[in-house]
Amino acid sequence: MMSQNERRNTGIINSNGLDIEITEYRGENLYEDLFLRDLTMNSVAMDVDGNYIDPLNGIKDVKNMIIKFNPNSIEYDPNAILRAIRFEGILGFNIEKESLNNMFDNKEKLNLVVVERIRKEIFKILLCDNVGDLISKYRDIFYEIIPELKKLEGVSNENSDDLFEHTMSVVNKTSSNIYLRLAALFNDLGVD
């Protein structure tokens, strides 16, 4: 079985302004591939006749605005934790309770993911609206990959009784530009 850190042949087709990613199977066939995807909403395929193939009820979860992990997806690729957070930020969906528990129970597995993949996902998250609220909500997960943020918790200065909450507020108010958001996120870390 190919891990998420290995390369696969991938192509993108643009159809009516929509980018459609095409990749080779991760398993032996389409069904195995769909079960190996991270989230149910990403486990939907369409055949050449336009019929949906949806063995994990991803369409239902999209209609219900639910983010749900496929079985074993975090073990297969812990970066799925950050992808779920990003989709919550982009789509405004809610992460299903069992999936949410699974994220927090396995947050330390993010340390097994190559840094480049973590960075790429963090940058995408940082461009979400109200990213400070997302980071605050999932602070224990973010502490695994940005442990310096924990140093802000409970620290007061002339601007705030809690630098962590102050920083998240500033990040929320910062324009959606990766450099500005990074500067806002790390601005108060030099304070001792």
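Where does methionine 65 sit? Its place is the loop between helix 2 and strand 5 (66-67). Keep in mind that this is a predicted model: local features need pLDDT of at least 70, side-chain atom pairs count only at pLDDT 80 or more, and totals for chains, interfaces and linings use all residues. Residues are numbered from 1 along each chain as its sequence is written, and side-chain values use heavy atoms, with hydrogens and water left out.

**Overall build**

- The protein chain has 10 helices and six strands; these are DSSP runs numbered from the N terminus, with helices being H or I of at least four residues and strands E of at least two.
- Along the principal axes, the C-alpha atoms fill a box of roughly 65 × 35 × 30 Å.
- Of the 192 residues in the protein chain, 39% are buried (under 20% relative accessible area, where exposed is over 50% and partly exposed lies in between, using a 1.4 Å probe and protein chains only).
- Take the contacts (heavy atoms within 4.5 Å) between residues at least 6 apart in sequence: 55% of them join residues at least 24 apart.

**Surface and charge**

- The accessible surface is about 11300 Å², and carbon and sulfur atoms account for 49% of that; areas come from the Shrake-Rupley method with a 1.4 Å probe, and for residues only the protein chains shown count as cover.
- On the charge side, there are 22 positive and 33 negative side chains, with the centres of the two sets 1 Å apart.
- For that tally, Lys and Arg are positive and Asp and Glu negative, leaving out His and the chain ends; each charge is placed at NZ of Lys, CZ of Arg, CG of Asp or CD of Glu.

**A nonpolar patch**

- Ile13, Leu18, Ile20 and Ile22 make a nonpolar surface patch of about 360 Å².
- Members of such a patch have over 30% relative accessible area and no salt bridge, and nonpolar side chains (Val, Leu, Ile, Met, Phe, Trp, Tyr) are joined within 5 Å; a salt bridge is a side-chain nitrogen of Lys or Arg within 4 Å of a carboxyl oxygen of Asp or Glu.
- Strand 2 (residues 18-23) gives the largest share, three residues.
- Isoleucine 13 belongs to strand 1 (residues 10-15) and is partly exposed, at 45% relative accessibility.

**Two positive phi values**

- Most residues other than glycine have a negative phi.
- Asparagine 57, not a glycine, has a positive phi of about 60°; this residue is in the loop between strand 4 (52-53) and helix 2 (58-63) and is partly exposed at 46%.
- Back to methionine 65: its phi is also positive, near 55°, and at 40% relative accessibility this residue counts as partly exposed.

How values were computed:
Patches are made of residues with over 30% relative accessible area and no salt bridge: like charges are joined within 9 Å, nonpolar side chains (Val, Leu, Ile, Met, Phe, Trp, Tyr) within 5 Å.
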